[in-house]
Amino acid sequence: SSPSNAKISDPPHRKFSPLSSQFQKSLRSHCADPLQISHPASPHRRMAAAKENYRVELRAAARQLGDRCLYSAAKWAAELLVGIEPDATPSQSAAMDTPSSSGAAPGGRLLHLHRSGGSSFRRRMRPGGGAGSEAGTPLGGVSYVSTPIPDDDAFDAGADKYLLAKTYFDCREYRRAAHVLRSQVGRKAVFLRCYALYMAGEKRKEEETIELEGSLGKSNVVNQELVALERELSTHRRTGAIDSFGLYLYGIVLRDKGCEGLSRTVLVESVNSYPWNWCAWLEIQSLCTSSDILNNLNLKNHWMKDFFIASAHLELKMHEEALKRYERLMGVFRCSDYIQAQIATVQYSMRDLDEADMIFEELLRTDPFRVDSMDIYSNLLYAKESLTALSFLAHRVFLTDKYRPESCCIIANYYSLKGQHEKSVLYFQRALKLNRKYLSAWTLMGHEFVELKNTPAAIDAYRRAVDINPRDYRAWYGLGQIYEMMGMPFYALYYFRKSSHLQPNDARLWIAMAQCYESDPLQMIEEAIKCYERAANTNDTEGIALHQLAKLHSMLGQAEEAAFYYKKDLDRMEVEERQGQNFVEALLFLAKHCKSMGRFEEAEHYCTRLLDYTGPEKETAKSILQGLKRAQSGFPPMDIDHFAL
């Protein structure tokens, strides 16, 4: 999905070679005056010019998106705008142009501040992770494909009516807004009229659902405006009388009607003609259910594509790829809270909880009223069992905006960690009343119902989650757990397989599947061993897999394999300074195994360590040591019965 023709600039201390004619044409497409590029500037000046191009594009995008009531996309563009690293002062720029002022840390790892100024937070970038280090990142932040910014905001004869319609839209009077624009034919007015009709249909659908099924009930109610909107927008697309915003709305309508393939095609047309609408990118992402679909998208090489690819990789659980892309984007958007939140989310998904915790803490320090992504932070604090920090976060979002779905989810996590599962369910339900498609709330509410032993409600919550997003591995895992608890191992295995297929690098899922194979109804030990081996190779932080592999091989009489895994488990526990029953069990098995194999010194070593513990293992170790001494003395053991008359 990344172009292979990216140009790499020479190091600052080398003499520049003449630019190719093709590259000069590429640069001219982005410069008002072609003379500006007749003599190449330093890399830092080119980067400064590229940053200014970003700012110009994002300022225009934030205004145009807000003008069309696409407020989420406008907010994203504005936040990204202020996330661009400030330009260096002339003295700093001159210093950076000298060969001695390299920004590389020892070992070739680049360091950068999360914020300019006095922030103490730093993130390490990977080798070669700087801006422009890969072909997929445009040189100096400049697009390979020139995308004109539409200038359609000049006031004309219909501007006053458009202003009135926009005011009605902002007041959620959608049909009044559409009525005002009924006779307007401009593309901007047509988009807002159709968008207002779509939102009116969504509002009515929500009202009918609540009237028929309650706020959390299932319903087959559909948006009644979809048919008319599809007819009108398809006609405009066929005649060429539609802009990128109309294509975005047409893509949403097609998605709601179940035409996912055509919807994806139309949305790609939209972002290719106007790439700054982040909502359109997110709609494409929701339709990319596999990496094959993602790689086959016909996208132009605008710099916004890098943000989309990184986000899509995160959604598809391609965590390493997502992290590399976000770290490259930090080369220009060094102060972007969005990128930092995404990096923290990647780290959380990769189970690097401490690193993610540090990033989220810094985000809250710089933006104390932030709610976006804080529900993920609450999941992290829950996993770390940090009750104090989670309490502080819940109190903060409650005071900031207690009726945001994310706020309700954070408070629900807090009550769950305290063991108050009824209150937790109440807040998850409140979050779902505010947003019925809030995936995380359905899944986590299923977990709470499991704690309350309410199996039917848990199954319903998990099924609602997978209906919203079939790639939610947590919901599939929850269903597997429930059916395992109900004594239905074959159903459980089906859901565990679905879960591990979606998240193959999570050891917990393979362990759950192995335990299911190991259960009494199945007793499929060989299959269980295969699953434990996958878990042991995928960062099993709790060490469950190694211990179980040792036990199962021992059960099958495979002493060498059992000794191998007991030794690995013992080494792991020593490194982590853990001691317990598993530690004693490993020492005892290894002592017996080494004695049987004639490795008396090793056996004596393990037995000596067992003498530090109390219990029957200590007596067994003494007995083994006595046997070892007799064996090493060269005399056979005395058989008293041999001397009997």
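Which residues does the UniProt annotation "repeat: TPR" cover? According to that unreviewed entry, the annotation covers residues 439-472 and 473-506; UniProt positions are given in the numbering used here, feature names are shortened, and annotations may be inferred rather than shown by experiment.

1. Basis of the note. This is a predicted model, in which local features need pLDDT of at least 70 and side-chain atom pairs count only at pLDDT 80 or more, while totals for chains, interfaces and linings use all residues. Residues are numbered from 1 along each chain as its sequence is written, and side-chain values use heavy atoms, with hydrogens and water left out.

2. Overall make-up. The chain has 31 helices and 2 strands, where helices (H or I, at least four residues) and strands (E, at least two) are DSSP runs numbered from the N terminus. Of its 645 residues, 47% count as buried, buried being under 20% relative accessible area, exposed over 50% and partly exposed in between (1.4 Å probe, protein chains only). Among contacts (heavy atoms within 4.5 Å) with a separation of 6 or more, 59% come from residues 24 or more positions apart.

3. The annotated spans. In residues 439-472 the end C-alpha atoms lie 8 Å apart, and the span is 79% helix and 0% strand. For residues 473-506 the end C-alpha atoms are 10 Å apart, and that span is 79% helix and 0% strand.

4. Gly-446. This residue lies in helix H21 (residues 439-451) and, at 0% relative accessibility, counts as buried. Leaving aside residues up to four places away in sequence, Gly-446 touches Ala-458, Ala-461 and Tyr-462. Gly-446 and Ile-482 are 36 residues apart in sequence, and their C-alpha atoms are 9.9 Å apart in space.

5. Helices H9 and H10. The axes of H9 (residues 244-256) and H10 (residues 260-273) come within 8 Å and cross at roughly 160 degrees; axes are lines fitted to C-alpha atoms, for helices over the stretch in contact, and angles run from 0 to 180 degrees between N-to-C directions. The two helices are therefore roughly antiparallel, given that angles under 35 degrees count as roughly parallel, over 145 as roughly antiparallel, 65 to 115 as roughly perpendicular and the rest as oblique. The crossing of H9 and H10 is left-handed, a term used if the near helix is turned anticlockwise from the far one by less than a right angle, with right-handed used if clockwise. The contact includes Leu-247, Tyr-250 and Leu-254 of H9 and Leu-262, Val-266 and Glu-269 of H10. By class, the residues of this contact divide into 7 nonpolar, 5 polar and 2 charged (Ala, Val, Leu, Ile, Met, Phe, Trp, Tyr, Cys and Pro count as nonpolar, Asp, Glu, Lys and Arg as charged, and the others, Gly among them, as polar).

6. Helices H15 and H16. H15 (residues 337-349) and H16 (residues 353-366) pack at an angle of about 155 degrees, with their axes 8 Å apart, and are therefore roughly antiparallel to each other. Their crossing is left-handed. Among the residues that meet are Ala-341, Ile-343 and Ala-344 in H15 and Leu-353, Ile-359 and Phe-360 in H16; the contact of H15 with H16 has 9 nonpolar, 4 polar and 2 charged residues.

7. Positive phi values to check. Cys-69, a residue other than glycine, has a positive phi near 65 degrees; Cys-69 sits in the loop between helix H2 (43-67) and helix H3 (71-82), and at 4% relative accessibility counts as buried. Gln-523, also other than glycine, has a positive phi near 50 degrees; Gln-523 is found in the loop between helix H25 (507-518) and helix H26 (525-536), and is partly exposed, with a relative accessible area of 40%.
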